[in-house]
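Welcome, and please take a moment with the sequence and the model below.

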Amino acid sequence: MTEMFSNLFGQTEAQGPPGSSSLAFGPGKPPPPMPQNQVPMAGQMPPQLGDEGPVLRKPGVMNEPFYLLRELPVGNELTGNTNLITHYNLEHSYNKSCGKKVKEKLSSFLPDLPGMIDCPGTQDGSSLRSLIDKPPVCGNSFSPLTGALLTGFRLHTGPLPEQYRLMHIQPPKKKSKHKHKHNRPQDPLPQETPSDSDPKKKKKKRDDDPDRKKKKKDKKKKKNRHSPDHPGLTGSQPNSNSLR
Amino acid sequence: MAEKFDNLEEHLEKFEENIRQLGIIVSDFQPSSQAVLNQKLNFMISGLQDIEKCRQQLHEINVPLEVFEYIDQGRNPQLYTKECLERALARNEQVKGKIDTMTKFKSLLISELSKVFPEEMSKYKAIRSEDAPS
């Protein structure tokens, strides 16, 4: 903040607190002896010190009564005032990464990788961090296994025990959801379609189930009273199907 | 640059596919599968050799450590890129806001100082008008 302030007002942070003798001179240089009761003025400075550095304004009578007046910052300097993403032509990357919703899980980034890759790596010791913390022994060359060495890989016949079959378990895919979406337009009740994706509304539906049962019962009663071919029940059945 | 990555990606995919097939063979092992298993094991070794060769081409590549954290947590590493860009934009906007505020503050301060120190400020403005780019 102070840097901004000083830039705007033609001063830099390199200066010490006001009143100190080093104010009138470049930082890091010992101040020359100055008579007491004399205010350091830019006009009184030796010319070589006044010219030093790009920031300090040239000394002269014109600067009075101001001293330590600095040059204004160059206007074309690249600052946070400009949109840096646009400046570095990163709009495409920005739109690509932030424009669409990125799926949270690692399996959506590496869909062809077998196994449960969405679990934290620390659970089964497969984390990349552990590779950095405890780097494996490198430097040995890989050589193919000869006949004698391959005898060590003779396996027993039969399936693997249950605990070692994790590799073939794939994370559940959301194909079934797509199916539901395709079915929705055929649904005879359009007001039900948008609520399927909302879990809260789903819950509500389930909560409403007893009410619907009551309604069904009422309709059944009406059916019995008036006409047995009343279509009321058939209209409610797709709703229950859409819940499944 | 992209060729290097494509090459590594291709080798990794081949290696991963070979491992997957190995897993299938091993999951329900039959005596007749021993020859195939031996072949797959040697494929695995040649795959590792190929990946090892790719290492030399990718010495200059720097990967942020935070990406590893994302992967270790089972999260999509594209989220890291997304969050980085969003953070950069937010910070950019913050700095722009500060600059705008300071600019407003400057003009306000000048106007107020002009009321209290009119002579000095007229001199100051005269000096600054000289500095101002035409």
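Two strands are said to pair if DSSP finds at least two bridges between them. Helices (H or I, at least four residues) and strands (E, at least two) are DSSP runs, numbered from the N terminus. With that in hand, strand 1 of chain A and strand 1 (residues 28-29) of chain B are joined by two bridges and run antiparallel.

This is a predicted model, in which local features need pLDDT of at least 70 and side-chain atom pairs count only at pLDDT 80 or more, while totals for chains, interfaces and linings use all residues. Residues are numbered from 1 along each chain as its sequence is written, chains are lettered from A and ligands numbered from 1 in the order in which they are written, and side-chain values use heavy atoms, with hydrogens and water left out.

**Where the chains meet**

- The contact (heavy atoms within 4.5 Å) draws 63 residues from chain A and 56 residues from chain B.
- About 5,300 Å² is buried between chain A and chain B, and carbon and sulfur atoms give 68% of that area; buried area is the accessible area (1.4 Å probe) that two parts lose on being put together, summed over both.
- Across this interface, 18 residue pairs are in polar contact, both at pLDDT 80 or more; a polar contact is a pair of N or O atoms within 3.5 Å, where within protein one must be able to donate a hydrogen and the other to accept it, and residues adjacent in sequence count only if both atoms are side-chain atoms.
- On the side of chain A that touches chain B, the elements giving two or more residues include helix 1 (2-8), helix 7 (128-133) and strand 1 (158-159) of chain A.
- Helix 4 of chain A gives the most to that side, with four residues.
- In the strand pairing, P159(A) has D28(B) as its bridge partner.

**Chain B on its own**

- Chain B has five helices and one strand, in the order α-β-α-α-α-α from the N terminus on.
- Of its 134 residues, 30% count as buried (under 20% relative accessible area; exposed is over 50% and partly exposed in between, with a 1.4 Å probe and protein chains only).
- S27(B) sits in helix 1 (residues 2-27) of chain B and is buried, with a relative accessible area of 16%.
- A polar atom of the S27(B) side chain lies 2.7 Å from the backbone oxygen of I24(B).

**Salt bridges**

- Between chain A and chain B the count is one: R75(B) meets E104(A) at 2.9 Å, N to O.
- R75(B) also forms a salt bridge with E83(B), with the closest N and O atoms 3.6 Å apart.
- Both R75(B), at 21% relative accessible area, and E83(B), at 27%, are partly exposed.
- In helix 4 (residues 78-116) of chain B, K96(B) and D100(B) lie four residues apart, about one turn of the helix, and their side chains form a salt bridge at 3.4 Å, N to O.
- K96(B) is partly exposed at 35% relative accessibility, and D100(B) is partly exposed at 32%.
- Through shared partners, salt bridges join E104(A), R75(B) and E83(B) into one network.

Key. Salt bridge = Lys/Arg side-chain N within 4 Å of Asp/Glu carboxyl O.
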